[in-house]
Amino acid sequence: MKIAIIGASGYTGGDLIRLLLTHSAAEVVTATSRKLDGKRVDSVHPHLKGLTDLTFRNPSVDRMDADVAFLAVPHTAAMGYVRGLLERGMKVVDLSADYRLPKEVFEKTYGVPHTDYFPAPYGLPELHRDEVKGVPFVSNPGCFPTGATLAAAPLAKMAKAVIFDSKTGVSGAGNSPSATTHYPAVADNIGPYKWTRHRHLAEMKQELARLGSGAGVYFTPHLVPVNRGILTTAHILLREPLEQKEVEALYRKYYEGEFFVRLQAPVLAAVRGTNFCDIAVESEGERVVAVSAIDNLVKGASGQAIQNMNLMCGFPEQDGLRGAGVLP
Ligand SMILES: NC(=O)c1ccc[n+]([C@@H]2O[C@H](COP(=O)([O-])OP(=O)(O)OC[C@H]3O[C@@H](n4cnc5c(N)ncnc54)[C@H](OP(=O)(O)O)[C@@H]3O)[C@@H](O)[C@H]2O)c1
């Protein structure tokens, strides 16, 4: 199966190429970058040297010949490609935010008009697997909403409020340098940003509401000096108290058979480079603390995108995604 990656010079594009090297049926045939047209892929992804001979090309949909296309481009850029790719018969997974929310919510949240909207399944397979199977187009969830939603989902219906407190690694901001991601600003440091108005809050609210939750949803992210990973502490305030044993049983039942959700103490390094989401819960009665750990570039982006591709194309869901973490 031929794969095109649009935005292959970025962090999620690089991880798509890395992960697809171990997929049993997929071969990346097109890797795009406008700035690096004609340059070898391993010139910006040196960890892929010797594993791929790909050269970057300009993204030209008319000349693209692939079965599946991944859009690993910034929000607002993806909406310019989706329709053309679908019309050329490709299946498409969009890693950007362009199709995760209804049009009016997207426009309000991102402050830009949507120029080519149509609804797409929200590709969080543990919650919406049946909506993703066999379809031509899937919108891949945001990194924070993935870890947050999976942490709170089993208690969503019983909650009156959910407060997500997340710590994220710097690769979440993409590979363009900026003042806030500059080494002296990040190293040996930690701080909150967008305390009450991060755009991913809209996705978290949407997903908890879809689970039948009437809870208030709140979210504050923090930047921490690691490259990869998101640790989310969900404070779940319940309408009725639950004992520790009851909460543990609930999570075990909810995630029974889910390969990519592991119920164990979450440690960033244990999920680094992997598609796993590790979750642990502790109850003090009316408040349950659920903590999740994911790799923002894998379960939070490229790995989940491949998980969606596998469901869309009828491959085993774990194909290309069985690698272990890197600990210590
Ligand atoms: N980083 C994360 O942890 C993460 C997690 C979940 C979702 N996402 C989402 O995934 C997408 C990619 O993120 P990233 O972190 O990989 O970004 P990135 O490192 O900044 O890479 C962006 C890529 O898109 C290309 N690009 C930019 N504008 C383009 C356009 N108009 N048309 C075609 N290509 C364009 C860039 O190459 P050229 O400019 O050379 O073409 C580059 O290859 C974003 O929408 C992001 O929000 C990221």
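Me: Is Asp188 buried or exposed?
Reply: Asp188 counts as exposed, at 79% relative accessibility. Exposed means over 50% relative accessible area, buried under 20%, and partly exposed in between, with a 1.4 Å probe and protein chains only. This is a predicted model, in which local features need pLDDT of at least 70, side-chain atom pairs count only at pLDDT 80 or more, and totals for chains, interfaces and linings use all residues. Residues are numbered from 1 along each chain as its sequence is written, and side-chain values use heavy atoms, with hydrogens and water left out.

Me: Where is Asp188 found?
Reply: In the loop between helix H6 (183–186) and strand S8 (191–192). Helices (H or I, at least four residues) and strands (E, at least two) are DSSP runs, numbered from the N terminus. Asp188 has a positive phi of about 55 degrees, although it is not a glycine. Most residues other than glycine have a negative phi.

Me: What about Thr76, which phi does it have?
Reply: Thr76 is not a glycine either, and its phi is positive, about 80 degrees. Thr76 lies in the loop between strand S4 (68–71) and helix H2 (82–87). At 38% relative accessibility, Thr76 counts as partly exposed.

Me: Where is the peptide bond that is cis?
Reply: From Leu327 to Pro328, with omega near 5 degrees. Pro328 is in the segment after helix H10 (298–313). Most peptide bonds are trans.

Me: Changing topic. Into which domains is the protein divided?
Reply: Domain 1 (2–120) and domain 2 (144–296). The bounds come from an automatic or database domain assignment. The centres of the two domains, taken over C-alpha atoms, are 26 Å apart.

Me: How many residues are in contact between domain 1 and domain 2?
Reply: 13 residues of domain 1 and 10 residues of domain 2 (contact means heavy atoms within 4.5 Å). Domain 1 and domain 2 bury about 970 Å² between them, with 48% of it on carbon and sulfur atoms. Buried area is the accessible area (1.4 Å probe) that two parts lose on being put together, summed over both.

Me: Which three residues supply more than any other three of the area domain 1 buries there?
Reply: Tyr11, Arg100 and Tyr110, which supply 47% of the area that domain 1 buries against domain 2.

Me: How many salt bridges between domain 1 and domain 2?
Reply: The count is 2. A salt bridge is a side-chain nitrogen of Lys or Arg within 4 Å of a carboxyl oxygen of Asp or Glu. The side chains of Arg100 and Glu203 meet in a salt bridge at 2.9 Å, N to O.

Me: Which helices supply the side of domain 1 that touches domain 2?
Reply: Helix H1 (11–20) and helix H3 (103–110) each supply at least two residues of that side. The largest share, 4 residues, comes from H1.

Me: Now Asp42. Where is its place, and is it buried or exposed?
Reply: Asp42 is in the loop between strand S2 (27–32) and strand S3 (56–57). Asp42 is buried, with a relative accessible area of 8%.

Me: What does Asp42 touch?
Reply: Leu48, Lys49, Gly50 and Thr52, not counting residues up to four places away in sequence.

Me: Last one. How many residues of helix H5 are buried?
Reply: 10 of its 10 residues, so H5 (residues 143–152) is mostly covered. The buried residues include Cys143, Phe144 and Pro145.
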